[in-house]
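Here are my notes on this model, as promised. Have the structure open while you go through them.

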Amino acid sequence: MPATRNHPISRRSLLRSLGAGGTLIAACGALSGCGVPAAYVPAGERARRDVSDSDRSVDFANWPLYIDTDDEDESRRPTLEAFTRRTGISVRYTEEINDNDEFFGKISPALINRQETDRDLIVISDWMAARFVRLGWVQEMDRSAQPNVAEHLDPQLRSPAFDEGRRFSVPWQSGITGIAYNRRLLGREIRQTGELWAGDLRGKVTLLSGLDEAFALLMQGNGVDITRWGEDDFDLICEQVDKLVRRGHIRRFTGNDYIKDLSTGDVLACQAYSGDVIQLQADNPDIEFVVPEEGAELWSESLMIPNLARRKRNAEALVDHYYDPAVAAELASWVNYVCPVPAARDVLADSGDEETAALAEDPLIFPDAAMRARLAIARDITAGERTRFAKRWNAIVGL
């Protein structure tokens, strides 16, 4: 099993907080009054006749560079090929999801109008997955057909607020939004979010620009339980961040470009994603990632089966394939995110390869108990909150 660490960009760091998808969601409530079908799809209208037995294939849409590839031939994906060999089900795999809102805009017209999306399986971020669940745009999975998911899904990921009991979603990969910093250049450790606001970091700190990506860690720095935060908690962080911007303390707000700022030393500390930092550390061991003492956000990008998918049982089988610990280990060794299958750790540890075995001890792939105690899954921003929150946050960020 190769331990390859060569994909350059975090999936999470490509996201934007509000775009075409947010605008469309805001409009959805009024659609039924203007001659367009209501956005919500009742449970009885989400499925169609399943042709999985006669059509042994599945259409799988994912983000770029988010699956293992063969070292000799990047067009080959070993874990997908193993699934086809075992089941006889071929996979049409497309790397078409570059942004949650962009993808929402691509498939939402079909979902609103009760039409097929031509996809059996998709991967979207948890905050966008919450919208799909609320709108009734995805089908409930049959866990009786997914014994690996039932047995091996990380207990900490089993019941997020947007999908209690994980009826409609299964994590593809997870990650942590925490703090990255250059320990050598800063000359000290960072252990709390509030330490980002110390005087020696003025003008040397960046925060994430996306509302959905930024808010949870900042709230945790205020001691807020992000599983049940309220509007007052949001307004407080906006006031705090606005003051920091006005004082020149925050250098700027970023997407994935914080990676370059941290690498060059233009920034000494920043809000960051765990998967990015693993890659940065390979080139610069002075880069540290910390889950603050007050906590950090644990998030996922999840597999979902959209309404009217033709091959639902085939899609469920593919999801379950990736919850086989050996398969999960192979994927984890390539993507280097938090693995949603804790049992994959033992597979990596017993691999016989020193570099691969080292991944089993990396807490950013397999968080230890102490780290897990400080991780929480944030409740989603609701449709009713989003317009006001995005307007206020984007004004501060300059979007």
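**Notes on the model**

1. Let me begin with H10. The cover over its buried residues includes strand S4 (170–182), helix H9 (258–264), strand S7 (269–273) and S8. Contact here means heavy atoms within 4.5 Å, and buried means under 20% relative accessible area, with exposed over 50% and partly exposed in between (1.4 Å probe, protein chains only). Helices (H or I, at least four residues) and strands (E, at least two) are DSSP runs, numbered from the N terminus. H10 is mostly covered, with seven of its ten residues buried: Ser-274, Gly-275, Asp-276, Val-277, Ile-278, Gln-279 and Leu-280.

2. Some ground rules before going on. This is a predicted model, so local features need pLDDT of at least 70 and side-chain atom pairs count only at pLDDT 80 or more, while totals for chains, interfaces and linings use all residues. Residues are numbered from 1 along each chain as its sequence is written, and side-chain values use heavy atoms, with hydrogens and water left out.

3. On confidence: pLDDT is the predictor's confidence in each residue, from 0 to 100. The protein has a mean of 91, and 91% of its residues reach 70 or more. Residues 1–27 stay under 50, though the model has 97 contacts beyond four places in sequence for them. Residues 29–36 are also below 50, and that stretch has five contacts beyond near neighbours in sequence.

4. Helix H11 (residues 312–321) is another mostly covered one, with eight of its ten residues buried. Have a look at what is on that list: Lys-312, Asn-314, Ala-315, Glu-316, Leu-318, Val-319, Asp-320 and His-321.

5. Now the core. A nonpolar core is a set of buried Ala, Val, Leu, Ile, Met, Phe, Trp, Tyr and Cys residues joined through side-chain atoms within 4.5 Å. The largest one has 124 residues, and Phe-60, Phe-132 and Trp-393 touch the most other members. In soluble globular proteins, nonpolar side chains tend to be buried together. Leaving out residues up to four places away in sequence, Trp-393 touches Leu-208, Ser-209, Gly-210, Leu-211, Ala-214, Leu-218, Phe-234, Cys-238, Val-241 and Phe-253.

6. There are 15 aromatic pairs. Rings of Phe, Tyr and Trp (its six-membered ring) pair if their centres lie within 6.5 Å; planes under 30 degrees apart count as stacked, over 60 as edge-to-face and the rest as tilted. Trp-299 and Tyr-337 have ring centres 6.2 Å apart and planes at 65°, so they go down as edge-to-face. Trp-299 sits in strand S9 (residues 296–304) and Tyr-337 in the loop between helix H12 (325–335) and helix H13 (344–349), so this pair ties together parts that are 38 residues apart in sequence. Trp-299 is buried at 0% relative accessible area, and Tyr-337 is buried at 0% too. Both belong to a cluster linked by ring pairs, along with Phe-60, Tyr-66, Tyr-93, Trp-172, Tyr-258, Tyr-273 and Tyr-322.

7. Which side chain does Arg-184 meet in a salt bridge? The partner is Asp-286, at 3.0 Å, N to O. A salt bridge is a side-chain nitrogen of Lys or Arg within 4 Å of a carboxyl oxygen of Asp or Glu, and the count comes to 32. Arg-184 lies in helix H6 (residues 183–186) and Asp-286 in the loop between helix H10 (274–283) and strand S8 (287–290), so the bridge ties together parts that are 102 residues apart in sequence. Arg-184 is exposed at 58%, whereas Asp-286 is partly exposed at 26%.

8. Two further items on charges. Asp-261 bridges to Arg-252, with the closest N and O atoms 2.7 Å apart; Asp-261 is buried at 8%, while Arg-252 is partly exposed at 29%. Elsewhere, Asp-55, Asp-59, Arg-92, Asp-120 and Arg-311 are linked in a salt-bridge network.

9. Last, Ala-198, in the loop between H6 and strand S5 (205–208). Ala-198 is partly exposed at 26% and touches Arg-188 and His-249, not counting residues up to four places away in sequence.
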